Amino acid sequence: MTKPVLSIQNLSVDYVTDDGPVRAIDNVSLDVMPGEILGVAGESGSGKTTLAKAIMRILQPPAVISGGRVLFEDKDLLQLDEEGLRRLRWTRMSMVFQSAMDALNPVISIGEQIVDTMKVHTDFNSSQARDRAVHLLEMVGIPGDRIDSHAHQLSGGMRQRVGIALALCLEPSLVILDEPTTALDVVVEKEILGEIKELQNKLGFSVMFITHDLERMLQVSDRVAVFYAARLAEIGPAKGLRDNPQHPYTQGLLKAFPSIAPGARTPESIPGSPPSLLSPPSGCRFHPRCSQVVDACSQTRPIRTDLGPGHAAECHLLSQETGAAT
Ligand SMILES: Nc1ncnc2c1ncn2[C@@H]1O[C@H](COP(=O)(O)OP(=O)(O)O)[C@@H](O)[C@H]1O
Ligand SMILES: [Mg+2]
């Protein structure tokens, strides 16, 4: 059986605040397979960025990883020291942030930045690194003659493209994209996502792609993980999830996007709003908003039920149906 490139096992992350600990990732397990595009969906505040930063081990206080394991290419990332992490970050796994400005250095040119990164981690000399930088920029749709531009001279879309070039320059096996196109207009967003998919096809890296745009996500992802209030509600193949969502929250999300829900005509939003993680509802966190709620829902956290290859959900209705022990 193929081994996952990334295996997250029972991961929990807390923010230690004055009002008490906020668990932003609550006992979450998921795998990313080689060459797979895994989409991560969930409303704002559901823990997506926390998950990405925990994997990259770039969380800052007051965040603490309070449990679990993150295996990446057979190494437990949570056990590595700074030196071990430095050797992996950007070389084996990299991240593109919502605003590339966060990753780009304003005082040197975009070319210098890619060249510097390559010179630190490879034996390329300056001219080899520069040639590769031109090639990378062209691959992400930036004319090579823009190599001496500074980030502030580029449009938002171009900057995100530079962020992607930088993330790919050392040929990592996993790239995490955290809402890379959210700040862009839809045409540019579509173009960039198309390019990411093309590059992924050509180079074969795995992608964890975070967005709140479920429609776009279902188009580009092989599998999709749906988060609700710090927990994984459902994970499964993109097509299966779209045509036959199993968790009431996934069903609700799809109904809110009428163009992709089977048979839906008018958007129907889920009543209520996501809970504060400071005092989340008991049992299944979705139960106060769920139209199919039963007694068990407010009492215990539903266990994860396997629903098919690569498909699982945390819902009492499903665990009862399949006869799983609770
Ligand atoms: N710096 C912080 N301090 C305290 N709590 C935080 C901090 N950052 C995030 N959180 C908590 O973690 C939750 C998840 O945040 P985040 O991972 O950024 O969500 P998402 O990326 O899905 O919007 C938030 O709802 C908030 O409760
Ligand atoms: Mg986020």
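Me: What makes the contact of α5 with α6, that is, which residues in α5 meet which in α6?

Reply: This is a predicted model. In it, Gly157, Gln160, Arg161, Ile164 and Leu168 in α5 meet Val188, Ile192, Ile196 and Leu199 in α6. Two residues count as in contact if their C-beta atoms lie within 7 Å.

Me: Which residue of that contact counts as charged, and how many are nonpolar or polar?

Reply: Arg counts as charged, and Arg161 is in the contact. Gly counts as polar, and Gly157 is in the contact too. By class, there are six nonpolar, two polar and one charged residues.

Me: What do you call the arrangement of α3 and α5, and why?

Reply: The axes of α3 (residues 110-121) and α5 (residues 156-168) come within 10 Å and cross at roughly 15°. That makes α3 roughly parallel to α5. The crossing is right-handed.

Me: What makes up the contact of α3 with α5?

Reply: From α3 come Ile110, Gln113, Ile114 and Thr117. From α5 come Val162, Ala165 and Leu166. By class, the contact has five nonpolar, two polar and no charged residues.

Me: Which residues meet between α3 and α4?

Reply: Gly111, Ile114, Val115, Met118 and Lys119 in α3 meet Ser126, Ala129, Arg130, Arg132, Ala133 and Leu136 in α4. These divide into six nonpolar, two polar and three charged. Lys and Arg count as charged.

Me: How do you know that the two domains touch, and what gives the most on the side of domain 1?

Reply: Domain 1 is 6-92 + 172-321, and domain 2 is 102-171. Their C-alpha centres lie 29 Å apart. Still, 13 residues of domain 1 are in contact with 14 residues of domain 2. Helix α6 (residues 186-203) gives the most to the domain 1 side, with five residues. That side divides into 10 nonpolar, two polar and one charged.

Me: What makes the shell around ligand 1, and which element gives the largest share?

Reply: A residue counts as near if its C-beta atom lies within 6 Å. By that rule, 14 residues surround ligand 1. The closest are Ala24, Gly45, Lys48, Thr49 and Thr50. β1, β2 and α1 each give two or more residues. The largest share, three residues, comes from α1. By class, the shell has five nonpolar, eight polar and one charged residues.

Me: What is the omega of the peptide bond from proline 61 to proline 62, and where is proline 62 found?

Reply: Omega is near 10°, and the bond is cis. Proline 62 is found in the loop between α1 and β4.

Me: What makes asparagine 10 worth a look?

Reply: Its phi is near 50°, a positive value in a residue other than glycine. Asparagine 10 lies in strand β1.

Notes: Residues numbered from 1 in each chain as written. Chains lettered and ligands numbered in written order. Predicted model: local features only at pLDDT ≥ 70, side-chain atom pairs only at ≥ 80, totals over all residues. Axes fitted to C-alpha atoms, helices over the stretch in contact; angles between N-to-C directions. Helix = DSSP H or I, 4+ residues; strand = E, 2+ residues; numbered from the N terminus. Parallel < 35°, antiparallel > 145°, perpendicular 65-115°, else oblique. Left-handed = near helix turned anticlockwise from the far one by under 90°. Domains from an automatic or database assignment.
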